[in-house]
Amino acid sequence: MQVTVEEIRNVIEESGAMVDMDTLQNDTTLTEQDVDSLDTANIYLSFEETFKIKIPDGDLDQLKSIDEIVTYLNNK
Amino acid sequence: MLGIENISTYIPETKKSNYDLKEKFDIDDDFIENKIGVKFHALKDAGFKSSDMCIKAFENLQKNAEINVEEIECCLVVTQNPDFNIPHTAAIVHGKLDLPVNCAAFDISLGCSGYVYGLSSIISFMKSNGMKKGLLFTSDQYSDIVDETDKNTALLFGDAATVSLISDAPCFVPIDFSFGTNGKDYKELMCNDKLYMNGRAVFSFTATTAPKHIKDLLEKNDLTDEDIQKYYLHQGSKYIIDTIRKRLKVDEAKVPFDMAEYGNTVSSSIPILLAKEIAKSPKGKIVLSAFGVGLSWASAIIEKIK
């Protein structure tokens, strides 16, 4: 699978998560940018539905920032 | 035709504030009000059990409707926090209300989907046995099982009970029901001494299952959103209600949100909404949909006929 930062940002924006896309940084963890557990669950679900994959709970440590998410999905 | 004649509720007056838990769980007002949507949890009196809350709900029903307990032929209690493992709580309620000896009494062990299951069960049971008056209770006191250190659950749940008078002089009548279960994921929401919830798993399950279940039920009955007056969704959290509504693409005004002052009351959440609507809403079709522990889900279309 090959995904880009832009695609990931689009999925986050479309997910309905209450996130300010203008200030969301790619290299900083979502948690550090005050994205809470509910929005994070929503975002991960949107990745699963968009890319038709399953993200196990055990993999979440590899998906803390947008850059990490891109790397993870490109290795799927 | 059998249906819901009246509904009363018992929501304890004592409330626990989530604003007092902001520092403990590192949350802010926005999270409390706009994400989980619970400002206060209803908290039962210490020592109060499931049957005690049922009796309180019944006492409130007596204020709203003429009830002759001698006419009650069926008593069903939906609870996952029974007074004891043995006997069933419905028997205890039966005794406390002094219901007739020829009255059937049984429990259903279900969580959030319990009211919809209970409604279908009691109506089917009464119909097949020629009964005309029954009581459907929901009652759970999660304050007894919540782990106060667990952010996933300590902010959400409230204690409550409800009672629906089922009779042949109904206000709401059922049109259709639909049910579902995914028992393989039962561990995502369970109580083994204390309540545990995998928030991400439960969110994903609900966000993907509930909207499709509702759409399929409407389609099966040749109905569209235009035919539906209101959607009464289990009040799991504000976030999940908003998510289901957005995925259903229905107007916000059609999907009441009402848990801010008392919390997620499990199987009582839908009858609490119905009780508030019973006097004021116009005739029309209503969707009920609930989802949770099991994992279990249930939806219904009912119609307000008077």
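Modeller: Helix 3 of chain B, residues 50–64, has 15 residues and spans 22 Å from its first C-alpha to its last, close to the 21 Å expected at 1.5 Å a residue. The model is predicted, and every value below is to be read accordingly. The buried residues of helix 3 of chain B are Ser50(B), Ser51(B), Met53(B), Cys54(B), Ile55(B), Ala57(B), Phe58(B) and Leu61(B). An α-helix has 3.6 residues a turn, so residues three or four places apart point the same way. The cover over these buried residues of helix 3 includes strand 1 (3–10), strand 4 (74–78), strand 6 (133–140) and strand 7 (160–167) of chain B, together with helix 4 (89–97) of chain B.

Elsewhere in chain B, strand 11 (residues 228–233) is mostly covered, with six of its six residues buried. Strand 11 runs parallel to strand 12 (residues 284–292) of chain B, and five bridges join the two. Within this pairing, Tyr231(B) stands opposite Val287(B).

Because 12 of its 15 residues are buried, helix 2 of chain A is largely enclosed by the rest of the structure. Among the buried residues are Leu38(A), Asp39(A), Leu45(A), Phe47(A) and Phe51(A). Their cover draws on both chains: it includes helix 1 (5–14) and helix 3 (66–74) of chain A, and helix 2 (29–36), helix 7 (199–220) and helix 8 (238–248) of chain B. At the start of helix 2 of chain A, a side-chain oxygen of Asp36(A) comes to within 3.0 Å of the backbone nitrogen of Leu38(A). Just after the helix, Lys52(A) adopts a positive phi of about 50 degrees.

This leads to the interface. Chain A contributes 16 residues to the contact and chain B contributes 13 residues. The two chains bury about 1300 Å² between them, with carbon and sulfur atoms giving 52% of that area. Of the area that chain A buries against chain B, 41% is supplied by Met18(A), Leu38(A) and Leu45(A), more than by any other three residues. On the polar side, five salt bridges are counted between chain A and chain B, as are nine residue pairs in polar contact. One salt bridge links Lys35(B) to Asp39(A), with the closest N and O atoms 2.7 Å apart; Asp39(A) is itself a buried residue of helix 2 of chain A.

Methods. Residues numbered from 1 in each chain as written. Chains lettered and ligands numbered in written order. Predicted model: local features only at pLDDT ≥ 70, side-chain atom pairs only at ≥ 80, totals over all residues. Heavy atoms only, no water. Helix = DSSP H or I, 4+ residues; strand = E, 2+ residues; numbered from the N terminus. Expected span 1.5 Å × (residues − 1). Buried < 20%, exposed > 50% of the residue type's maximum accessible area, 1.4 Å probe, protein only. Contact = heavy atoms within 4.5 Å. Polar contact = N/O pair within 3.5 Å; in protein donor to acceptor, adjacent residues only side chain to side chain. Pairing = 2+ DSSP bridges. Buried area = accessible area lost by both parts, 1.4 Å probe. Salt bridge = Lys/Arg side-chain N within 4 Å of Asp/Glu carboxyl O.
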